[in-house]
Amino acid sequence: MSGANDNNKSTEALQMMFQAGQAMAQNFFDTLARNHVAMQDSTGVASPRVPMPEADALANMQKAFAEQHAALWSSMLARKPDAPSEPVVQPEPGDRRFAAPEWQQSPVFDYVKQAYLLNSGFLTQVADALPMADGRAKSRIKFLTRQYVDALSPSNFAATNPEFIKEALDSKGESITQGLRNLLADLEKGRISMTDDAAFEVGRNLAVTPGAVVFENDVMQLIQYAPLTEKVAQVPLLIVPPCINKFYIMDLQPENSLVRFTVEQGFTVFLVSWRNPRPDVGGHLTWDDYLEKGPLAALEVVRSITRVKKPNVLGFCVGGTMLTSALAVERARGVEPVASLTLMTTLLDFADAGELGCLVDEASVTAREAAIGKGGVLKGQELANVFSFLRANDLVWQYVVGNYLKGRKPQAFDLLYWNADATNLPGPFLTWYLRNMYLENNLRVPGKLKMLGEKIDLSKVDMPAYLMAAREDHIVPWTSAYLARNLLGGDTTFVLGASGHIAGAINPASKNRRSYWVSDAAATDPEEWLTAAVEQKGSWWLHWIEWLRGFGGKSVAARGRLGSTKYEPIEPAPGRYVKERA
């Protein structure tokens, strides 16, 4: 009798889950159906209300959804004890949330998993089918839907995660105790731990390429790296990283450092290390301040130390946008500033600004302008949280499950240590950037923007340029990065790396993994370029360094000292600015 009662209870529980899943999906749809979406165009004027997807298309979606749930229910009822069944729905490739065997071994948890996958798939399908002409608004709906379904995954909750139960039984409850300790420690820290923080220290085993700070102001320090070869290219390279992160993404550990790789290839390398602003120190800084005291000041120092009038330059992400803007200022002043320009995952045309773009609208920018537009900072942790939730399953929920449900400590990973080392942003700088780039896309329009008193025209930035993008980049879509070819005035070489925003860019030549695509085609359309492109195995760094050699000038003896009589070394690299915490 006890076994029969247990079976009845299990059946009732499964039936409740089935009904709850259908109700969740139907409620989502009903809410959208009742509130027909009033769209807004780019001017902020409300467009006429439009109908939901055609009735027959919607009916087909609902019918398929109901049929899949019925098939899942039948499959579970027909499943024999200790016998696996053919799944009705499978996780997407790369989805590791349900990889543990416990999800398949238990009929209950197998049902919970598959019901969730059906429900989340249906919600995603509905969001994708919404007839919205405003692309940014539709992207926002899709983004919020993804946040919703990711947060409700059964893997995130103790009662519906069989891995939590197994871990607790195997450890006799110790995993629960340790999970609570981890949770309390992270609450005190103010963020979710993604790596073993004690395993890394900037200057000890991160950012250790030898060099010295040769110049500093209230915005940045300029690092010159020591030569590692007897001969070097006469023309140096200046690197401008993004100011929204610490610079050592370019100089993690020796085996994955782009800085060290470039120095080992015989180039004299300088790098901008941005200061971490605080409300009382740096909270007033503007976009113009960053250009003048950042790349423009650095260029003058590099020219003075090396006695080379036209260095090579490289900008990464926002650093590339700033660097290109600075070069446009110099071209407006009649200066031929550099020999070559390299841009890594950089936006110049913000028409499609990726998932970040869908979060920027008139209301949010106006609110930021009112709060910090005249002074103050956007706290680094707030910025870090935004970037983490762009990939919530990988950068949030994975660690909620591992740290708190399973009671484990995250592994040591240099990239995630860097990711958690947040930086503040000055309010005036940030709000100007959001309005003029993400919201109004003014940079691409010749003469629309003034910087440092000069009208900006990117077509005047006419030195040879190497443009690198990443195929799976969710922050800088590669098709948008490609549009820089239509704006810059010089010859451009475009290379498409595999993987995402960081992993695609930081693809060490020493490991030579992944691949990249190259083509000589000068197509204005990115997809047309990709059709003609050829995939090459390995790291794009090797392709880039050969391109850069063409602008390195003659080979000369490596300099015997860092800095100069005018710019004496101030302190060893990586300097103190990069060690300042947000």
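Pro 574 lies in the segment after strand E17 (571-572), where strands (E, at least two residues) and helices (H or I, at least four) are DSSP runs numbered from the N terminus. The peptide bond that leads from Ala 573 into Pro 574 is cis, with omega near 10°. The model is a predicted one, in which local features need pLDDT of at least 70 and side-chain atom pairs count only at pLDDT 80 or more, whereas totals for chains, interfaces and linings use all residues. Residues are numbered from 1 along each chain as its sequence is written, and side-chain values use heavy atoms, with hydrogens and water left out.

Strand E13 (residues 492-497) is mostly covered, since five of its six residues are buried, that is, under 20% relative accessible area, as against over 50% for exposed and in between for partly exposed (1.4 Å probe, protein chains only). Pairing of two strands requires at least two bridges found between them by DSSP. E13 pairs in the parallel sense with strand E12 (residues 465-470) over six bridges, and Tyr 466 stands opposite Thr 493 of E13. With strand E14 (residues 515-518), E13 runs antiparallel and is joined by three bridges; here Gly 497 has Tyr 516 in E14 as its bridge partner. The loop between E13 and E14 contains Ser 499, which has a positive phi of about 75° although it is not a glycine. Ser 499 has 16% relative accessibility and therefore counts as buried.

A positive phi, near 60°, is also found at Cys 317, again a residue other than glycine. Cys 317 belongs to the loop between strand E6 (312-316) and helix H10 (318-332), and because its relative accessibility is 10%, Cys 317 counts as buried.

A search of the whole structure finds zero disulfides, a disulfide being a pair of cysteine sulfur atoms within 2.5 Å. Cys 243 is in no disulfide, the nearest cysteine sulfur, that of Cys 317, being 9.2 Å away; at 4% relative accessibility, Cys 243 counts as buried. The sulfur of Cys 358 is too far for a bond, because the closest cysteine sulfur, in Cys 317, is 16 Å from it, and Cys 358, at 3% relative accessibility, likewise counts as buried.

Helix H7 (residues 174-189) contains Leu 180. Together with Ile 176, Leu 183, Leu 184 and Leu 187, Leu 180 makes a nonpolar surface patch of about 470 Å².

Methods
Patches are made of residues with over 30% relative accessible area and no salt bridge: like charges are joined within 9 Å, nonpolar side chains (Val, Leu, Ile, Met, Phe, Trp, Tyr) within 5 Å. Accessible areas come from the Shrake-Rupley method with a 1.4 Å probe; for residues, only the protein chains shown count as cover. A salt bridge is a side-chain nitrogen of Lys or Arg within 4 Å of a carboxyl oxygen of Asp or Glu.
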